[in-house]
Every structure is written in structure tokens, then in C-alpha cells.
Amino acid sequence: MNRLRDAIDDRRDQLVALTQDLIRIPTLNPPGRHYLDICEYLQARLSRQGWRCEMVRAAGSPGDSEAYPRWNIVARRQGARRGDCVHFNSHHDVVEVGNGWTRDPFGAQLDGDRIYGRGACDMKGGLAASIIAAEAFVATYPDHAGSIEISATADEESGGYGGVAYLAQQGAFAHVDHVIIPEPLHKDRICLGHRGVWWAEIETQGRIAHGSMPFLGDCAVRHMGAVLAEMEATLWPLLSGKHTEMPVIPEGARSSTLNINSLHGGATEQDPDYTGLPTPCVPDRCRIVIDRRFLIEENLTEVKAEVTALLERVKAQRPSFRYEVRDLFEVVPSMTDKDAPVVTTTARAIQNVLGREAGYVVSPGTYDQKHIDRIGKLKNCIAYGPGVLDLAHQPDEWIGVQDMLDSAKVMALVLEELLTGQPPG
Ligand SMILES: [Zn+2]
């Protein structure tokens, strides 16, 4: 059956135009700009074709305000008979532009096979590909079974609480059978899930005194130095020795990792244009924020206990050592079974479209699958979409048109198998 693939190829210009339109709506997060605009754009397009569109504001979620409301859209196309519900979820927010661009970040310039812009790859290209896939499928099989849903959701880049988490809490996934999240994981790979995350702030405490008589105070920065030395000596070696069966990419992330996101001690840093001198004080507080990524073989309790044990070892060495640990954010690992229906169907579609076996990967970071798994209670979920993951959040981010076409074909074939009972063509 090449009808469906032809229907995608016929929509090449539409796919380019749609991607450009989406990039030109600068949905920057933070603070959460133009969320309503992008949802209204999608509503106009899809409702014109008979999709039932629901606009959902995640009122009261983190970041939601009258100035920056957290808007989401869920569009639904009901088939002619009973059957499964296949849901494509994309986040519509993009990260800050940053420096180093040689193109207009919201110009969506088409140059050869590439469309440039912030969010091109992460993930407006994936959103556009899923829409074209669904539209081509519906045109080819107007009396398909089941239903198709396309959602565009807020705030994935800042945790997803004003987006997928909110929708999941409202029961938006209760009737859904299969979820594909078109994040840029490469068109020939299926992403089964992600590692876990624990962010915490560790504070060491001392006593302020005059800097000329430090022996009268207790330096929190020196205490933190001892914590860092203990991490070098024991924690990083321990973490790099833990390996996972999860197929995490890149390879280096197949071990547990820990990053120190920030370190601060002593007087507050002044603005760069401040011309005064600092004052002499012994720092009484020092804080670091740690970003610990953990494996499906680990659990969060033991991950936290490792850090507490480390701090207790330091305390045993330093009589005046005092510390506090504050949890900031946590996500448990998520990994869909390789024999789950959405995985096997997508793998067959990749084989059919690209003529090669699908690769299986797990993300080193985290994305909205966590909310679909934990809050939505739906395991049958993957990330699959066009684009080169490394380009995400970089200057001169781009998406390849051919990549989008190929992955749209894969998504359309998934719909064909799940909603028409036809073997993928
Ligand atoms: Zn993304």
C-alpha cells in the first residue's frame, strides 16, 4: 500500500509551511509567551477539518498567570467505528534563544532541506510531522476505526506541570490506548523512556565573623569544600561503577551521574557595574544544587541515602559540621516494555519506511512520558519523532524536511495498523 506514503509526499509543501508557521509563534518558556496564540492556530487548522478541539488552561499551575496563562489544546478525531485511541503529544514551548545564532531564531528560514529556528527540532518539527501524518491518514482512510488525538501542551521544558501533568490529572489519558511523543530522537529510533532525576540543595552552615579573624567564625565554604572532596573520593567513583540495562544514549549516560548545577557561598555577588569592594566576612552559609540522574535499577530512597551517608562521613571528620538537604524536584525512571503494542507497531513501521531495523533508546534526561506513566497510569507510551537530539536548545537549531516526511510516514503507518487493522504497507 503506497497510497498513504504518497499522501504524505503530496503534503510536503504543507508540512514546510506548517512547521514555519509554528516556529514563527515565539512560545518562549520562560516566561510562557504566546501559548494561547499557538493553541488557537492549531484549533483553527484542525477544527476546519472536523476535529473537535478542546482548549485547556492549566489554571493555578506553576507559572500560570493572567499575563502568561498556561494554555494547552487537545484535538480529537473520532473514527467511524469502535477501536483504539492513538494520541500524539507534543510540547509547544521552546527554550530561550541564547547567543551564537546566524539565522533569525523565529524566521523559520528554509535553506535546502533545513528549516531553521528555535524549536525547529525540539519540537515543532515533530508536532508538524504528527499533524501531517494524521491528516494524510484521515484523507486516505476516512472511515477508520477508533480515534486520533493530537495535543500541544505547555511547559515541557520546565517540568510539564502546566501541560501534560495537568491534563493527566484531569483524566485526559484515561481513554487513551497508545501515546507517541514526537520528540527529536531520530527517525529510526524508538525512545522507551528516561532515567530518573533528583535535584536537591545541600547547605553547609557555619558562623559569620570578621574576615581578619576567621578563627572566631566557622567557614561554611570550607565545610562545603570537604563535601566536594568526599564526593570526588567516594561518590563519583561509586556512581560511575553503576551500569544500567536501559539503552540510554549517549553511552556515557548508561551509568548514574551527578552534576553540580551551582555553588554559592558568602556575600551575595554584586552587579557587574558595582564599583565597590567586598567586605571581609567569614561565610556562614554555602549551598550547592545537585542534579542526580538515576537508573531503573536504583530507587530514589537509596539515591538519597548515598548523599546522606556522605554528609554523615564528613560530619564525623569535622566537629562543627552542620548541613541541610532540601529536595527540589524528583522524577522516577520510566521505561516502556519493548513488546508493548505502540513499540512493536512503530518498529514495524520504521522497518517498512526506512528499510532498517528500529533502534531502541532511553533518554538521559526526562520528558513528559513521566506524567503519562505516573499520573495518567498509561505505560504504552514512547517518544518517536524527527530531528537530531543534539541540536535541541542550541543556536541555529534546525529540522530536516526529509526527516519530517519520513517520520510522518512512520506515524501514518502506525495509525494504519492500529486503526484499520491493515498490515503496514
Ligand atoms: Zn522537547
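Let's start where helix H2 touches helix H4: on the H2 side we have Gln-14, Leu-15, Leu-18, Thr-19, Leu-22 and Ile-23, and they meet Ala-120, Lys-124, Gly-125, Leu-127, Ala-128, Ile-131 and Ile-132 of H4. If you sort that contact by class, you get nine nonpolar residues, three polar ones and one charged. Please keep in mind that this is a predicted model.

Now the geometry of that pair. H2 covers residues 12–23 and H4 covers residues 120–140, and their axes come within 9 Å, crossing at roughly 135°. Angles over 145 degrees would count as roughly antiparallel, and those from 65 to 115 as roughly perpendicular, so H2 and H4 are oblique to each other. As for handedness, H2 passes H4 in a right-handed crossing.

Which strands make it up, and in what order? It is an open sheet of three strands, ordered E4-E5-E16, with antiparallel pairing. At the edges sit strand E4, residues 110–111, and strand E16, residues 398–400, and each of these pairs on one side only. Strand E5, residues 114–116, is joined to E16 by three bridges, and the two run antiparallel.

Last stop: another helix pair, H6 and H7. H6 spans residues 220–240 and H7 spans residues 300–317; they pack at an angle of about 135°, and their axes are 10 Å apart. That angle makes H6 oblique to H7. Here, too, we have a right-handed crossing, with H6 passing H7.

Who meets whom in this one? From H6 come Ala-226, Val-227, Glu-230, Met-231, Thr-234, Leu-235 and Leu-238, and from H7 come Glu-306, Leu-310, Leu-311, Arg-313, Val-314 and Gln-317. By class, that contact divides into eight nonpolar, two polar and three charged residues. Among the charged ones you'll find Glu-230 on H6, with Glu-306 and Arg-313 on H7.

To put the two helix pairs side by side: H2 with H4 has nine nonpolar residues and one charged in its contact, while H6 with H7 has eight nonpolar and three charged. Thanks, everyone, and I'm happy to chat about any of it!

Terms used
Residues numbered from 1 in each chain as written. Predicted model: local features only at pLDDT ≥ 70, side-chain atom pairs only at ≥ 80, totals over all residues. Axes fitted to C-alpha atoms, helices over the stretch in contact; angles between N-to-C directions. Helix = DSSP H or I, 4+ residues; strand = E, 2+ residues; numbered from the N terminus. Parallel < 35°, antiparallel > 145°, perpendicular 65-115°, else oblique. Left-handed = near helix turned anticlockwise from the far one by under 90°. Contact = placed C-beta atoms within 7 Å. Pairing = 2+ DSSP bridges.
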